[in-house]
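This report walks through one protein model, from its sheet to its helix and its surface. Keep the sequence and the coordinates in view while reading.

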Amino acid sequence: AQYSRERLRVLDERLQLDFERSQGLLLLLREERDVAAAQPRLALLRELGISVRELDAAACHATEPGLNREQPLAGGIQLPQDG
């Protein structure tokens with residue numbers, strides 16, 4: 001993933017690509033069991049030096065105000081360097 005991200009950055013600079021993108025990626029976790037299941041993967045990402053933030057439901061809504069507040073949401077994972 002890091003290699004792909006770097007290659008895209010180089011191509012973007014070289015070719016001056018114009019495409020829609022956002023800074024960061026927010027993965028939504030609907031249930032507490034999803035939050036628990038994500039923990040080993042989050043530990044691995046951190047070991048690899050990848051920036052990861054765990055968010056509660058309120059922080060997810062603050063980060064992405066367009067989320068439907070009526071849908072169940074246990075939390076989220078924010079990967080600020082992805083897009």
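How many bridges join β1 to strand β3? The model is a predicted one, and in it 5 bridges link β1 with β3, residues 75-79. The two strands run antiparallel.

**The sheet**

The sheet is open and has 3 strands. Their order is β1-β3-β2, with antiparallel pairing. At the edges lie β1 (25-29) and β2 (53-56), each of which pairs on one side only. From one strand to the next, the twist averages 25°.

Leu 27 has Ile 77 as its bridge partner in β3. Leu 26 has Gln 78.

Is β3 mostly covered or mostly open? β3 is mostly covered, with 5 of its 5 residues buried. In a regular strand, side chains alternate between the two faces of the sheet.

Helix α1 covers residues 2-15. Just after α1, Gln 16 takes a positive phi of about 50°.

**Salt bridges**

The count of salt bridges comes to 4. Three of them are listed here.

| Pair | N to O distance |
|---|---|
| Glu 6 and Arg 9 | 2.4 Å |
| Arg 9 and Glu 13 | 2.5 Å |
| Glu 31 and Arg 33 | 2.9 Å |

Which residues are linked in a network of salt bridges? They are Glu 6, Arg 9 and Glu 13. Glu 6 and Arg 9 are 3 residues apart in the helix, about one turn. Arg 9 and Glu 13 are 4 residues apart, also about one turn. An α-helix has 3.6 residues a turn, so residues three or four places apart point the same way.

Glu 6 is partly exposed, with a relative accessible area of 36%. Arg 9 is partly exposed too, at 38%. Glu 13 is exposed, at 53%, because the cut-off for exposed is over 50%.

Glu 31 counts as partly exposed, at 39% relative accessibility. Its partner Arg 33 counts as exposed, at 61%.

**A nonpolar patch**

Which residues make the nonpolar surface patch of about 320 Å²? Leu 8, Leu 11, Leu 15 and Leu 17 make it. Leu 17 sits in the loop between α1 and β1. At 35% relative accessibility, Leu 17 counts as partly exposed. That value can join a patch because the cut-off for patch residues is over 30% relative accessible area.

Key
Residues are numbered from 1 along each chain as its sequence is written. This is a predicted model: local features need pLDDT of at least 70, side-chain atom pairs count only at pLDDT 80 or more; totals for chains, interfaces and linings use all residues. Side-chain values use heavy atoms; hydrogens and water are left out. Two strands pair if DSSP finds at least two bridges between them. Axes are lines fitted to C-alpha atoms, for helices over the stretch in contact, and angles run from 0 to 180 degrees between N-to-C directions. A salt bridge is a side-chain nitrogen of Lys or Arg within 4 Å of a carboxyl oxygen of Asp or Glu. Buried means under 20% relative accessible area, exposed over 50%, partly exposed in between (1.4 Å probe, protein chains only). Patches are made of residues with over 30% relative accessible area and no salt bridge: like charges are joined within 9 Å, nonpolar side chains (Val, Leu, Ile, Met, Phe, Trp, Tyr) within 5 Å. Accessible areas come from the Shrake-Rupley method with a 1.4 Å probe; for residues, only the protein chains shown count as cover.
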